[in-house]
Structures are given as C-alpha cells and as structure tokens.
Amino acid sequence: MSGTEEKITGGVAHLSVSDTTSAPPSNTPGIYVDEVAGSDTAGNGTEAAPYLTPVAALTAHGIDATLLVRKAAGEEYAAIGGTALKRAKKGVELNEKKAKKAEEQRVRQEKEAAEGKAKDEKRIEESKKIVLTEDSTLPAASKIYKLADFRTKRVRVSGWVHRLRQQKELTFIVLRDGTGYLQCILSGILSQTYDALVLATEASVEIFGVIQEVPEGKTAPGGHELVADHWRVLGAAPGGDDAYTNKLNAESEGPVVADNRHLVIRGEIASAVLQVRAGILRSFRKVFDKYTITEVTPPCMVQTQVEGGATLFQFDYYGQVAYLTQSSQLYLETCLPSLGDVYCIQESFRAENSHTRRHLSEYTHLEAELAFITFDDLMTHIEAVICEAVDDLLLDPRMSAFLYQLNPKFKKPSRPFMRLSYKDAIKYLNEHGIKRKDDETEQLVDHVVGDDIAEAAERQMTDQLGVPIFLYGFPKEIKAFYMKKIVGDEGFTESCDLLMPNVGEIVGGSMRIADMQELLEGYKREGIDPAPYYWFTDQRKYGTCEHGGYGLGVERLLAWLTDRFTVRECSLYPRWPGRATP
Ligand code: 4AD
C-alpha cells in the first residue's frame with residue numbers, strides 16, 4: 001500500500017495520508033477514480049492507478065482536489081458531479097470525525113490503564129507493608145470433616161485453595177484438605193495483604209478463625225464457614241498461563257487429562273471416585289473379616305500364567321523369564337490348607353491391546369478362594385460379599401454422600417441375582433436378534449453353543465435385562481485350564497461371570513479342579529508345561545478338597561457403583577496400551 005494506510009470502519013474506506021510522494025504531479029488535470037476497477041489501497045490517483053472511491057481520493061489529496069470519475073468499464077473519465085462530490089466530502093468529514101473519536105478513546109483508555117496499573121502497583125506496594133499479627137494462643141488444628149464439633153470455637157485448618165473469589169474487601173476461599181471442603185472468609189486487612197492479592201487456586205494455606213454456622217438462607221459445605229482472624233500462605237500456586245484453571249478445565253480432554261492426572265485428582269469428581277474406591281475396599285475388608293476370610297499378599301512377579309499366555313507381560317528376571325501376575329488365584333489356592341479361606345487385593349496385569357472403556361493394563365484385582373464349597377455356595381457368596389460391602393459403604397455418611405454425588409440414581413441391587421446358564425444366554429441372544437460376526441464371512445450370524453460370547457453382545461443382553469446377572473456354565477474350551485467340569489455335562493464348566501448393567505463383566509469365578517488327573521488333562525488341553533506348576537499341582541497331592549474362587553475387577557465395580565464411563569476414571573494412575581505416565 002503506497003502512501004496510505006487503510007482503516008475500514010463500517011464499510012467506509014478511510015485513508016490517512018502518511019506519504020505524499022506518490023500523489024500525481026501538479027500538472028495532472030485531476031485525480032482519477034474508477035468506481036469499477038480502481039483500488040483505494042493500491043491506487044494513487046493517476047490514470048494508471050485510479051482510486052475506487054471519491055472518498056479515498058479526497059482523503060488522500062485534500063478536500064479541494066479535482067476528481068475525474070469513471071462509473072462503468074469502458075466509459076470516459078468525467079468531472080465528478082455536484083451531488084456525488086457533496087456526498088464524498090460528507091464521507092471524508094464523517095471518517096475524520098470517527099478517527100478523531102477513536103483516537104480520543106484510545107488516549108482515554110491508555111490513560112485509564114496506566115492509572116489502573118499505578119493503582120494496582122501502589123496497592124501491591126502497600127499490601128507488602130501489611131503484617132498480620134497472630135493471636136498467640138494457637139488453637140488446635142482440625143481436619144475439615146470434623147469441624148461440626150467445633151462450631152463457635154476457634155480453629156486452625158490447613159488445606160488447598162479449591163475455589164477463590166475476591167471482592168473489594170473480602171476474599172472467599174473454598175478450602176480443601178482431602179477430608180472435605182470449607183468456606184472461609186478473609187475480610188478487612190486479611191484480604192489486603194500481598195499474599196491475598198496474588199493468591200491463586202491450589203495454593204496451600206493455613207487459616208485461623210471461628211467456625212460459624214452459616215446464616216439462614218445461605219448454604220456452605222457442612223453448613224458452616226470459617227470466619228478468619230489470621231491466615232498465611234504455606235505454598236503459593238501460579239496464576240497466568242500456568243494457573244491450575246488454565247491447565248485443566250471442563251473442556252480438557254484426551255492426552256491433556258491423561259498427562260495431568262496428578263492435577264485431575266485434585267478435582268471434585270476424581271477425588272470423590274477415589275474416596276469411594278477407598279471406602280469400598282475398606283468395606284470389602286470388613287465383610288471378609290466378618291466371614292473369617294484371611295487377607296494374604298501373593299507375589300506380583302511370577303513364572304506361571306493363569307488366564308492364557310497371550311496377555312502376559314514378560315520380563316527378564318536375573319536371566320530367567322518371568323511375568324507380571326495376571327491373577328493371584330493359584331497362590332490363593334495354596335493358602336487354603338494353611339489359612340483356610342483367603343482373599344487378596346492385589347494389582348493384576350494384562351497385556352491386552354484393548355483400548356476399550358473396561359480394559360486396563362494394570363488393575364486392582366480382588367480375589368478370594370474358599371474351601372469345601374459347592375458351585376451354588378460360590379455364587380451365593382459372591383453375591384453376599386458384594387451386597388454387604390455396598391451396604392456397609394452406604395452406612396458411612398461421607399461415603400454415601402460421595403456415591404450419590406457421583407451417581408444420584410444409584411439403587412442397591414436386589415438379591416438373589418439373576419442366574420442365567422450359558423446355554424440359555426445363547427438362546428436369549430438368538431431370540432432377541434443379538435448377532436455375532438462370523439470370523440470368515442464377516443457376516444452377522446446367530447450364536448451357537450460353543451461360542452465365546454463377544455463383549456458387545458454380552459453388554460447388549462446385560463443392558464436389556466438391566467439387573468446383575470450370573471452367567472454360568474461356560475464351555476470348557478473357552479475357559480481356563482483349572483476350571484472344574486460339570487458332572488454329567490462335561491463339555492461345560494462350573495464357572496460364572498457376574499455381569500452388571502452399563503459395565504458388563506465385573507467378576508469371573510469358578511470351581512477349581514480338585515482331581516490331580518483332571519488337572520493334568522487341563523494343562524495338556526491348553527498346551528501348558530506342568531513343570532513350573534508343581535507347587536499348584538501339589539495341592540491335589542497333599543489333601544485335595546473341593547474349592548472355588550473368583551476375581552473381581554475393582555475398577556469395573558467402581559465404574560458400575562459411581563456411574564463412570566470408563567474404568568480409567570476409577571484407577572489412581574491408570575495404565576492402558578501406550579500409557580504408563582504419570
Ligand atoms: O475373568 P478374569 O480373567 O479371571 C481371573 O483372572 C481369575 N483367575 C480370577 C479368580 O478366579 N481368582 O478376571 C477377573 C476380573 C474380571 O471379571 C474383570 O472384572 C477384571 O478381573 N479384569 C479386568 N479389569 C480391567 N482391565 C482388564 N484388562 C481386566 N481383565 C480382567
């Protein structure tokens with residue numbers, strides 16, 4: 001753009017002269033304007049480079065310039081008409097007014113900004129001079145969830161700034177300490193210190209003051225608030241680009257959420273899930289204790305498989321091949337003659353390349369093994385343990401609040417759970433048009449007995465039935481080597497999966513082969529070398545017994561309990577293919 005700078009205001013080109021060297025020479029009869037082919041940005045008023053509008057021409061060459069205008073292609077240039085000239089002069093005037101106004105506004109805003117900055121700087125400088133004095137009688141520190149016992153008393157509470165709202169002489173903080181949330185009010189000088197002015201969410205602070213019931217008509221977590229008389233920052237948190245709220249917010253998704261899991265868990269939803277997780281594990285332990293089932297801690301580094309070689313994580317163990325455990329079941333079985341019925345809550349590992357919402361590479365596996373039971377006893381026990389643990393969880397008001405916060409529609413499952421044999425499930429699928437994909441033809445076809453019911457079909461059936469279902473009696477070919485066969489129907493096993501609506505399988509269990517010969521055949525069928533299993537086989541040699549057990553995926557149970565879309569939200573630091581950070 002030569003000599004002019006274009007400012008488009010409301011469709012009117014406004015040109016301010018910044019360089020006159022490109023103006024036509026003084027002997028030029030006039031300034032050329034071509035209303036079809038001219039250009040207000042590239043034009044300079046010569047015949048070779050005419051302007052597009054008379055307004056631009058007058059703006060660049062002065063209000064008294066002589067304008068020659070061409071209105072249509074091929075027409076001769078002619079002196080501008082009187083009305084058109086009047087209109088163009090008005091346009092120039094209007095633009096000049098607008099420009100003046102804009103300039104005045106810019107100057108005013110600049111002045112205001114400078115004044116605001118100076119004021120803020122002064123406020124900050126003055127805030128640095130404020131030193132809060134502290135009541136020397138230090139009150140007892142308390143955790144937030146216990147504060148109902150301290151109403152009207154002075155307390156000291158430490159935590160993280162979960163939410164922050166700053167008004168003129170008031171700072172409202174929702175403080176979080178992991179046990180709960182507390183509204184705190186800093187008023188007067190407390191809200192004018194330097195620390196108060198630069199406070200950001202997620203800073204850690206210590207606040208002193210009196211716990212007061214909130215006035216009628218107002219609400220706050222716990223029904224009370226802390227009216228502060230002293231406070232201090234323990235660890236600041238950044239504002240600006242690095243601020244917590246800039247790193248993570250409701251719109252964050254995918255890798256951002258996964259990479260920042262350490263910050264995500266500070267959020268209300270993620271921490272509530274983790275609270276329920278802790279609560280349900282505590283309740284399970286209580287229930288196992290009630291049934292005199294003893295907790296053991298089997299190894300995670302093993303040299304045997306349980307659920308098939310395809311999903312083993314293998315590693316080098318001092319020059320030998322070893323694996324991360326898939327299930328502690330075999331070790332639990334060895335504990336029966338030692339401790340009686342046993343359970344463990346241990347991590348299990350599956351190298352499944354499954355990017356589904358119910359698969360993790362590492363998950364928390366709650367497994368139990370019971371001696372001298374029948375298959376019917378096993379299913380009744382699984383049902384009892386789950387229902388009693390949920391009952392116990394809901395008896396705890398904090399846990400119940402977390403659970404209903406996450407899953408307001410949660411209903412305790414009614415007992416007994418539906419029991420559906422594998423063969424009847426095949427019938428159900430066919431009667432309800434739930435098909436499977438044929439591996440060879442890729443066509444959708446009916447299910448037949450012997451099929452390993454695919455996850456999708458199983459989910460569809462479970463969601464249609466809408467209740468917990470024990471699916472039992474799977475064909476031996478699709479199940480693990482250790483499962484006991486049904487007497488009189490030896491092609492099928494005393495095995496069961498517990499299926500929950502919206503999640504699918506949360507428990508897998510079975511009766512185990514008690515007979516030595518049958519177990520050896522099981523190894524053979526699955527192509528397993530029995531040698532490394534000598535210690536497991538020995539259970540059949542030294543006083544065998546009928547026994548059975550199960551494994552429950554803790555994250556899947558939580559996805560059902562807390563109505564989470566994926567098990568990834570139910571693990572502290574979830575691992576799935578390609579993800580082992582943080
Ligand atoms: O059905 P699974 O493979 O059974 C066993 O491992 C038995 N040895 C357990 C036993 O009898 N002691 O796994 C049991 C449960 C499943 O029902 C599921 O809830 C969970 O473990 N599970 C997984 N959870 C998350 N991610 C995965 N990749 C899982 N694989 C199994």
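In what order do the three strands of the open sheet run, and is the pairing mixed or antiparallel? In this predicted model, the order is 3-4-5, and the pairing is mixed. The chain has a mean pLDDT of 92, with 95% of its residues at 70 or more.

Strand 3 (31–34) and strand 5 (78–79) sit at its edges. Each of these two has a single partner strand, so one side of each is left without a neighbour in the sheet. Strand 4, made of residues 67–70, pairs with strand 5 in the antiparallel sense, and two bridges link them. Looking along that pairing, Leu68 is found opposite Ala79 of strand 5. A helix joins the picture too: helix 1 (residues 54–61) packs on the sheet and touches both strand 3 and strand 4. The direction of helix 1 makes about 155° with that of strand 3.

One of the residue pairs to look for is Tyr317 with Gln320, its bridge partner in strand 14. As for what joins strands in general, pairing in a sheet goes through backbone hydrogen bonds, either parallel or antiparallel.

Then there is the ligand. It is surrounded by 23 residues, and the closest are Glu307, Gln329, Arg350, Glu367 and Glu505. Arg350 places a polar side-chain atom 2.8 Å from an oxygen atom of the ligand. The side chain of Glu352 has an N or O atom 2.9 Å from a nitrogen atom of the ligand. With Val507 the backbone takes part: a polar backbone atom of this residue is 3.4 Å from a ligand oxygen atom. How much of the ligand does the protein bury? Taken alone, the ligand exposes 620 Å², and the protein buries 94% of that.

Terms used. Residues numbered from 1 in each chain as written. Predicted model: local features only at pLDDT ≥ 70, side-chain atom pairs only at ≥ 80, totals over all residues. Heavy atoms only, no water. pLDDT = per-residue confidence, 0-100. Pairing = 2+ DSSP bridges. Helix = DSSP H or I, 4+ residues; strand = E, 2+ residues; numbered from the N terminus. Contact = heavy atoms within 4.5 Å. Axes fitted to C-alpha atoms, helices over the stretch in contact; angles between N-to-C directions. Near = heavy atom within 4 Å. Polar contact = N/O pair within 3.5 Å; in protein donor to acceptor, adjacent residues only side chain to side chain. Areas by Shrake-Rupley, 256 points an atom, 1.4 Å probe, with all protein chains shown as cover.
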